[in-house]
Amino acid sequence: MRTLSLVSALALSVAALSAPALAQQTSANPSAAAGVHTDLPRVAHPSHYTIAITPDAANLKFSGQSSVDLEVTEATPFLTLHALDLNISAATLTPAGGTAMPVTIAMDAATQTARFTAAQPLAPGKYRLDTTYTGVINTQANGLFALDYPDKVTGKDVRGLFTQFEAPDARRFAPMFDEPIYKATFDLSTVVPATQMAVGNMPVAKEEMLEGGKKRVTFGTSPKMSSYLLFFALGDFERMAREAAPGVQVGIVAPKASGDQARFALNELAPLIPYYADYFGQPYPLPKLDNVAAPGQSQFFSAMENWGAILTFERILLDDPAITSAAARQNIVTTQAHEVAHQWFGNLVTMAWWEDLWLNEGFASWMETKATAHFHPDWFPLLGRVNGRDAAMGLDGYKTTHPIVQEIKTVDETNQAFDAITYQKGEAVISMLEAFAGETVWRDGLRAYMRDHKFANTQSKDLWQAVEKAGAPGLTAIAMDFTTKPGIPLVKVTGMTCKKGVTTLNLEQGEFSVDRKDEVTAKPQQWKVPLLVSSGSGQPVRTILDGGKATVSVNGCGPVVINAGQLGYYRSLYTPKMLQSLKTAMPTLAPVDQMGLIADNLALSASGYQPYGPAFDLLAAVPGNANPVVLGNAFGDFVGAWRTLDKDAAAQKKLAAKVAATYKPRLLALGFEPRAGESLPDADLRSTLISGFGTMGDADVVAEARRRFGMLASNPKALDGPLKTTWLNIVARNATKADWDAIQAMAAASNSAVERQFLYTLLGRAADANLAKVARDLALTDVPGKTTSAAMIVASAALHADATYDYALANRARVEALVDAQSRVTFIAGLGSNSSDPAMIEKLKAFRATVPAEAGRPVDRVIAVLTEKAKSRPMFAKGLTDWMAAKK
């Protein structure tokens with residue numbers, strides 16, 4: 001699954017201030033798996049499901065029949081399966097070779113289970129459980145859900161159906177053993193309108209025409225897989241397809257009349273199949289892989305890796321030349337790379353329980369970057385790992401953090417596990433471990449892991465053992481440190497000398513923290529930290545910082561980088577003299593080190609480990625002709641700094657002028673218009689610079705945005721192109737009532753689901769408080785669409801956090817109905833995360849008391865961020881203004 005939403009937003013706001021034998025056994029017989037968590041009695045496990053459903057899309061309900069072939073492994077008075085929002089009207093249990101016997105049904109909403117009890121206790125053996133039931137079709141992405149969207153030709157609203165089962169929502173579709181350890185094969189069939197396309201994990205095996213304009217669609221039998229990977233979709237779709245490998249076809253399934261908008265994604269999808277098959281040493285085991293474009297959105301996720309039928313929201317899959325930006329085109333590629341990686345890492349080999357979710361998500365994040373770097377090295381995707389690492393550290397530096405491998409017991413705890421620790425810290429730690437093992441040994445270990453555990457379940461230790469066996473002794477100890485301990489190592493230089501061209505460093509390992517600095521200084525955790533140290537042009541030196549202190553010698557006299565290549569998951573604290581040397585050398589350093597040094601030093605200064613001056617010096621030392629990704633990041637840091645000066649207009653004006661002196665020439669060189677043949681990073685940088693200068697109120701950029709917006713009156717397509725969203729964001733932020741009304745009219749008239757969602761969301765971004773209030777009121781109507789309204793409310797919170805949070809609480813039931821069940825607590829808490837009013841902390845504490853204890857981590861995180869921001873924001877503003885004064 002590719003997440004986005006408030007988890008990522010919170011991380012950015014923070015940054016701105018098992019043995020092989022066990023795995024095989026657990027897949028075959030979960031009830032015998034010691035150490036594997038489950039909330040079902042370990043007395044039975046499934047081998048095969050046969051599910052038949054008939055959706056009634058118009059009335060948002062469906063009927064179903066399910067047969068589960070299962071084995072009872074020890075005598076039991078009843079069977080317990082997961083079931084949620086299902087009305088099970090009949091059930092029978094048939095022993096192998098015997099006759100069906102009735103069972104009583106007891107539903108338990110609290111545990112999301114159904115208990116089936118026969119007249120006599122069940123002896124060990126094989127059985128079939130048959131059920132007849134009805135269920136609900138949701139309007140948010142939980143279970144089977146509906147999305148209404150405008151037909152691309154007529155503009156008339158049509159409805160598509162899709163499923164989203166991760167983490168625990170397959171139980172909304174049929175009674176199931178709904179945990180990843182319980183793998184089984186699936187046969188799925190459905191009765192649907194004859195004119196619509198049905199999509200499942202497998203190709204269609206048979207279609208039968210029925211009376212009343214209906215047809216029965218039967219899909220092929222799936223491979224053995226976890227229940228959360230089952231998929232079904234239905235709608236007025238079209239499919240563009242091509243062969244990706246012998247016997248494997250890939251396709252993009254999209255709303256009718258999408259046409260060539262699917263071609264870019266299809267052409268990027270096809271090469272991933274042979275690439276991953278070669279890398280993992282295992283062929284793709286299904287005959288097809290579709291990526292299904294869903295015309296809506298979620299506040300919880302952007303794409304889901306259902307085996308053979310990925311679900312991706314349309315705005316992150318289809319390439320519409322009228323609105324798709326350069327960044328969105330890159331996101332199409334990276335999101336697909338992430339989800340296709342899951343077809344192996346997650347689907348073929350699956351974690352035994354959600355505590356090892358990172359085995360899915362961290363590896364898919366790491367692999368998406370590796371694959372993108374393989375196919376598009378000119379996009380500099382490896383630089384993105386620095387931002388990902390920093391986002392993870394933005395959560396990991398607080399006392400509310402958790403280890404990568406975390407204890408998970410409940411549904412709420414599972415939903416909260418989809419965060420930057422699981423994804424971005426997971427990717428950062430994997431990158432570090434790959435560098436420690438070496439690329440070849442690492443890959444060989446992964447191939448052995450895939451070979452030994454395919455179609456089964458694993459735990460983290462199974463992977464470490466495979467890589468160590470491939471030739472990386474000592475890796476398990478490092479991996480265990482970084483996956484079972486929360487927090488961030490701090491590597492400090494306590495002394496440096498250079499004699500005869502050799503630099504000698506004295507290093508000490510502490511622990512970095514944002515909100516418990518005194519505690520970790522007095523008693524820091526210890527990690528085995530792999531280091532890669534460089535000095536000038538000499539070869540980097542690899543070593544392990546173990547036991548708290550180390551002495552490292554490296555050829556060259558500087559400048560010294562103690563995390564060369566930024567592959568280590570730790571903060572680096574230099575001496576003032578070393579920072580001065582790094583500032584001087586900044587224009588000549590590798591782009592990845594430029595980004596890493598700035599991220600580290602801004603965080604260290606914000607947390608009181610050093611003054612602000614050195615961090616701002618490094619940021620200002622990035623030259624105007626730097627790598628476009630580096631320049632865009634540095635510019636974004638300056639725009640964030642400008643925002644913190646919101647109570648000092650004179651200081652804001654001074655900083656804006658300083659930023660313009662460095663960055664405006666680059667924008668003018670790029671120009672306001674896209675250029676044929678330009679690189680994607682340059683195109684994205686243009687958008688970043690226009691957006692940032694628009695935020696800071698640059699007169700030239702704001703005037704250009706208004707000029708272009710005015711052209712729409714005579715030519716509705718005047719803004720079409722990759723900068724459409726950029727220019728309209730500037731207009732929306734500065735919107736008058738007339739501008740706001742014009743954007744609303746554009747949204748209502750659009751036949752594009754993606755454009756309509758974007759335009760309605762823009763309405764919430766107005767700086768004018770009255771217009772933002774009108775947008776929030778509009779969000780609570782049916783006008784924007786069921787999955788767009790939440791995005792409008794989030795947009796309003798960016799500039800009106802306090803008013804939006806209060807509004808959401810005052811309308812809590814209505815607002816929560818607009819959000820996926822997985823993220824309702826996170827959603828409400830996140831609305832307050834941009835507040836600068838200390839009163840918000842007390843409001844959030846009161847809200848925290850209204851949610852279950854196990855669901856409260858997202859609230860605790862926002863409280864921790866705001867508590868620290870109340871202390872650090874004034875110091876940041878003073879440090880920035882003092883630095884500007886010193887540079888006069």
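A nonpolar core, as the term is used here, is a set of buried Ala, Val, Leu, Ile, Met, Phe, Trp, Tyr and Cys residues joined through side-chain atoms within 4.5 Å. Keep in mind throughout that this is a predicted model.

**Stop 1: the core**

Select Ile51, Tyr276 and Trp442. In the largest nonpolar core, which has 291 residues, these three touch the most other members. Nonpolar side chains in soluble globular proteins tend to be buried together.

Stay with Trp442 and show its surroundings. Leaving out residues up to four places away in sequence, Trp442 touches Tyr279, Phe363, Trp366, Ile430, Leu433, Glu434, Ala437, Trp464, Val467 and Leu475.

**Stop 2**

Select Asp290, in strand S19 (residues 288–294). Is Asp290 buried or exposed? Its relative accessibility is 4%, so Asp290 counts as buried, the cut-off for that being under 20%. Beyond its neighbours within four places in sequence, Asp290 is in contact with Val199, Arg239, Gly251, Val253, Gly308, Ala309 and Ile310.

Next select Arg686, which sits in helix H19 (residues 680–695). Arg686 is buried too, at a relative accessible area of 1%. With which side chain does that of Arg686 make a polar contact? The partner is the side chain of Glu678, at 2.8 Å. Glu678 is also among the residues that Arg686 touches when those up to four places away in sequence are not counted; the others are Leu667, Leu670, Gly671, Phe672, Glu673, Pro674, Arg675 and Leu723.

**Stop 3: helix H24**

Select residues 769–779, helix H24, and colour Leu771, Ala772, Ala775, Arg776, Leu778 and Ala779, which are buried. Turn the view to look down the axis of H24: the buried residues fall within an arc of 160°, so they line one face of the helix. To see what covers them, show helices H22 (737–749), H23 (753–762), H25 (789–799) and H26 (801–810), which are included in that cover.

**Stop 4: a three-stranded sheet**

Select strands S27, S26 and S29, which form an open sheet in the order S27-S26-S29 with antiparallel pairing. S27 (541–545) and S29 (560–561) are the edge strands; each has a single partner strand, so one side of each is left without a neighbour in the sheet. S26 (residues 529–535) is joined to S29 by two bridges. Pick Ser535, and find its bridge partner in S29, Val560.

Then look at the loop between strand S28 (549–555) and S29, where Pro559 lies. The peptide bond joining Gly558 and Pro559 is cis, with omega about 0°.

**Stop 5: other backbone features**

Select Glu166 and Ala167: the peptide bond from Glu166 to Ala167 is cis, with omega near 5°. Ala167 belongs to the loop between strand S11 (157–164) and strand S12 (185–193).

Go to Asp85, in the loop between strand S4 (76–82) and strand S5 (86–95). Asp85 is not a glycine, yet has a positive phi of about 60°. Its relative accessibility is 40%, so Asp85 counts as partly exposed.

Finish at Phe380, in the loop between helix H6 (357–375) and helix H7 (384–396). Phe380 has a positive phi of about 55° although it is not a glycine, and at 32% relative accessibility it counts as partly exposed.

How values were computed: Residues numbered from 1 in each chain as written. Predicted model: local features only at pLDDT ≥ 70, side-chain atom pairs only at ≥ 80, totals over all residues. Heavy atoms only, no water. Helix = DSSP H or I, 4+ residues; strand = E, 2+ residues; numbered from the N terminus. Buried < 20%, exposed > 50% of the residue type's maximum accessible area, 1.4 Å probe, protein only. Polar contact = N/O pair within 3.5 Å; in protein donor to acceptor, adjacent residues only side chain to side chain. Contact = heavy atoms within 4.5 Å. Arc of directions from axis to C-beta. Pairing = 2+ DSSP bridges.
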